[in-house]
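Subject: Structure for you to look over

Dear colleague,

I am passing on the structure below, together with some notes on what was found in it. Please read the notes with the structure open beside you.

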Amino acid sequence: MASTDAGGSLLVAILDLNPFMWARAASDPERSVDFVRATEQALIFVNAHLSLRFDNKLALIASHQTTSEFVYGSEPGDPAVGLVPDKRKPANVYKQFMVIDDVVGAKIRALGSEVASLDASKDSETSMISSSLSKALACELSYKRIRPQLA
């Protein structure tokens with residue numbers, strides 16, 4: 001979902017992180033699906049969106065089996081950026097890309113640590129995708145509402 005006007009645009013992306021669905025997809029011999037590679041490709045996509053224009057915005061929502069939450073950019077001036085430890089930046093890396101990769105990676109690892117407490121036999125088919133879509137729509141609408149104020 002993206003919105004555009006005279007200025008930058010907002011990209012809202014949803015990552016489906018249901019561990020049981022990813023495990024099933026990885027065990028299927030007809031598919032060559034790798035969670036890490038798919039996540040890396042999603043990060044490349046969102047970084048490409050941000051590199052197209054200096055004022056492009058991003059919101060990433062993780063849809064897990066039991067929860068749906070923002071992993072990056074729930075609002076303008078996202079406080080998640082402050083969660084990145086100050087570390088030495090490699091010379092050939094754009095700082096904003098490194099921040100996004102670190103914040104999203106940390107939050108996905110935090111969600112992954114909850115997998116041990118989930119019951120695989122109960123509700124392994126469920127996902128919070130509808131909740132994620134609702135959050136994406138609310139984010140898009142709030143961006144459209146504050147966008148005229150920013151100009």
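The term needed at the outset is pLDDT, which is the predictor's confidence in each residue, on a scale from 0 to 100. The model is a predicted one, and its chain averages a pLDDT of 78, with 75% of the residues scoring at least 70. Confidence is highest in strand S2 (residues 10-16), at a mean of 92, and lowest in strand S1 (residues 2-3), where the mean is 52. Over residues 79-84 the pLDDT stays under 50, and for this stretch the model has eight contacts beyond four places in sequence. Where pLDDT is low, the predicted coordinates should not be read in detail.

Turning to the helices, H2 and H3 pack at an angle of about 145°, their axes lying 10 Å apart, and their crossing is right-handed. On the H2 side the contact is made by Phe35, Thr39, Leu43, Asn47, Leu50 and Ser51, and on the H3 side by Gln96, Phe97, Ile100, Asp101, Val104 and Ile108. These residues divide into seven nonpolar, four polar and one charged.

Helix H2 (35-52) and helix H3 (95-112) also each supply at least two residues of the lining of the second largest pocket, which holds about 170 Å³ of space. Among the residues that line this pocket are Phe35, Val36, Glu40, Gly105 and Arg109, and the lining as a whole divides into five nonpolar, two polar and three charged residues.

With best wishes

Methods. Residues numbered from 1 in each chain as written. Predicted model: local features only at pLDDT ≥ 70, side-chain atom pairs only at ≥ 80, totals over all residues. Heavy atoms only, no water. 1 Å grid on protein atoms, 1.4 Å probe; cavity = no way out; pocket = protein on both sides within 12 Å on 5 of 7 lines; lining within 4 Å. Points joined across faces, edges and corners; volume = space filled by probe spheres on them. Helix = DSSP H or I, 4+ residues; strand = E, 2+ residues; numbered from the N terminus. Nonpolar A, V, L, I, M, F, W, Y, C, P; charged D, E, K, R; others polar. Axes fitted to C-alpha atoms, helices over the stretch in contact; angles between N-to-C directions. Left-handed = near helix turned anticlockwise from the far one by under 90°. Contact = heavy atoms within 4.5 Å.
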